[in-house]
Amino acid sequence: MGEAERGDSAPRLRVSFWCSNGHETQPSFAGDAEVPETWDCPRCGFPAGKERENPPDPPRTEPYKTHLAYVRERRSDEDGEAILAEALAKLRGEI
């Protein structure tokens, strides 16, 4: 089935986006659609922008933290000792 049977296709607009690794992607949009400022690069996943010389910065990835690391950020050693002593007292039936 060709264009003659389906009718004319909708007008399309191809826009180039570049990521910080220099990859170019060219998604197509409907002629009347709003083109986004950024697009995810299909090769590396970084955000890509419309300016080749000034692509968006890659996102900062935070290192994985354990639950204990988050607790240590919120509590001092003294707080931890007090909580531990209270929990042990409950287990021993002293409270």
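**Overall dimensions**

The chain, a predicted model, has a radius of gyration of 28 Å, whereas a compact globule of 95 residues would have one near 12 Å. The radius is taken over C-alpha atoms, and the globule rule is 2.2 Å times the number of residues to the power 0.38.

Residues are numbered from 1 along each chain as its sequence is written, and side-chain values use heavy atoms, without hydrogens and water. Local features need pLDDT of at least 70 and side-chain atom pairs count only at pLDDT 80 or more, while totals for chains, interfaces and linings use all residues.

**Extent and contacts**
- Along the principal axes, the C-alpha atoms fill a box of roughly 85 × 35 × 20 Å.
- Of the contacts (heavy atoms within 4.5 Å) with a separation of 6 or more, 27% join residues 24 or more positions apart.

**Surface**
- Buried residues (under 20% relative accessible area, 1.4 Å probe, protein chains only) make up 16% of the 95.
- Carbon and sulfur atoms hold 48% of an accessible surface of about 8100 Å² (Shrake-Rupley method, 1.4 Å probe).

**Secondary structure**
- The chain has three helices and six strands, in the order α-β-β-β-β-β-β-α-α from the N terminus; these are DSSP runs, H or I of at least four residues for helices and E of at least two for strands.
- Four strands form an open sheet with antiparallel pairing, ordered β3-β2-β6-β5; a pair needs at least two DSSP bridges.
- The edge strands, β3 (24–25) and β5 (38–40), each pair on one side only.
- Strand β2 (residues 17–19) pairs with β3 over two bridges, and Trp 18 stands opposite Glu 24 in β3.

Notes. Buried means under 20% relative accessible area, exposed over 50%, partly exposed in between (1.4 Å probe, protein chains only).
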